[in-house]
Amino acid sequence: MAQEGMEGHEHHHPQAPAKPAAHSHDAMDAMPGMQMGPEQAKDEHAGHAMPMPAALPPNDHVAPPPPQHQPAPMPPEHMADMMQMDDLARRGMWLFDRLERTRGVGGDYATAWEAEGWWGSDTDRVWLRTEGERSAEGTHDARAEVLWGHAFSTFWDWQLGVRHDFGHGPDRQWIAAGVQGLAPYWFETQATFYAGPQGRTALRLQASYDLHFTQRLILAPNLELNFYGKDDPLRGIRAGLSETEAGLRLRYEFSRRFAPYLGVNHTRRFGEPTALPRRETTWLAGIRLWF
């Protein structure tokens, strides 16, 4: 009867610990981070409840991390000086966009080049450009330009300077004025007007585009149109649209500074036949160098 009274008392006492279940020690050992020491195991077998782990303090009781060191703001006048120094920094670049060997459909060979370089700041630069072709008969269709360029927008420059034609026929001098920049859809564009002695005028339009198959393999189509205001038979030039040139070059950039390429070029000259080589279609191989 005493035993029954104790069981009844245990059943109705609200604070009496519950009887531990079978294998509770193994179940608790299986829980990560809940292994029990010898004293806790002894208390469990004695019928005492295991102490519960203390609750973590709320987030507002955790001390905030120390503030990071922030540099003092630069005075506006110093910031303006640094921006002005960056804009006025002088640097330069030289690019052989085309340095190639060509072979015409008739089997004749020639060496062609097109290069440009500049020196100056982001706003004002001096440009040097040259382009031409040399074959067994000598140099022909060659020109050199010196231009001053001024940026009037993010991607466009005004340019003003001089041009000198040499090679086949008498030399010609021109005053040059034009624009250069990136047209919509990233077409590199040049438009230059020329004026020379004896009422000579000319207009040169050029556009090119880089089509990236990969980061290194690039197809570059280009188009050039040359217009003249009057005939110049000594240099094989007629008034109006005198010459068109369209090319297609596939280059592989081992780096931005070195890229060999293969391509094809088609040139058409309008007017009466002249002593100039008439290579309407040429196959070519060359390299693109950037210094």
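Which residue lies over the face of Tyr194, and at what distance from the ring centre? In this predicted model, the position is taken by Arg163, which is placed 4.4 Å from the centre of the Tyr194 ring.

A pair of aromatic rings is described by the distance of the centres and the angle of the planes. For Trp174 and Tyr194, the ring centres are 6.4 Å apart and the planes meet at 70°, so the pair is classed as edge-to-face, the cut-off for that class being over 60 degrees. Because Trp174 belongs to strand S6 (residues 172-183) and Tyr194 to strand S7 (residues 187-195), the pair ties together parts of the chain that are 20 residues apart in sequence. Trp174 and Tyr194 are both buried, and together with Tyr228 they make up one aromatic cluster.

These local features are set in a chain of 291 residues, of which 30% are buried, and in which four helices and 13 strands are found. Among the contacts with a separation of 6 or more, 41% are accounted for by residues 24 or more positions apart. The accessible surface of the chain amounts to about 19400 Å², with 64% of this area belonging to carbon and sulfur atoms.

Technical notes
Residues numbered from 1 in each chain as written. Predicted model: local features only at pLDDT ≥ 70, side-chain atom pairs only at ≥ 80, totals over all residues. Heavy atoms only, no water. Helix = DSSP H or I, 4+ residues; strand = E, 2+ residues; numbered from the N terminus. Buried < 20%, exposed > 50% of the residue type's maximum accessible area, 1.4 Å probe, protein only. Contact = heavy atoms within 4.5 Å. Areas by Shrake-Rupley, 256 points an atom, 1.4 Å probe, with all protein chains shown as cover. Phe/Tyr/Trp six-rings, centres within 6.5 Å; stacked < 30°, edge-to-face > 60°. Lys NZ or Arg CZ within 6 Å of the ring centre and 35° of its normal.
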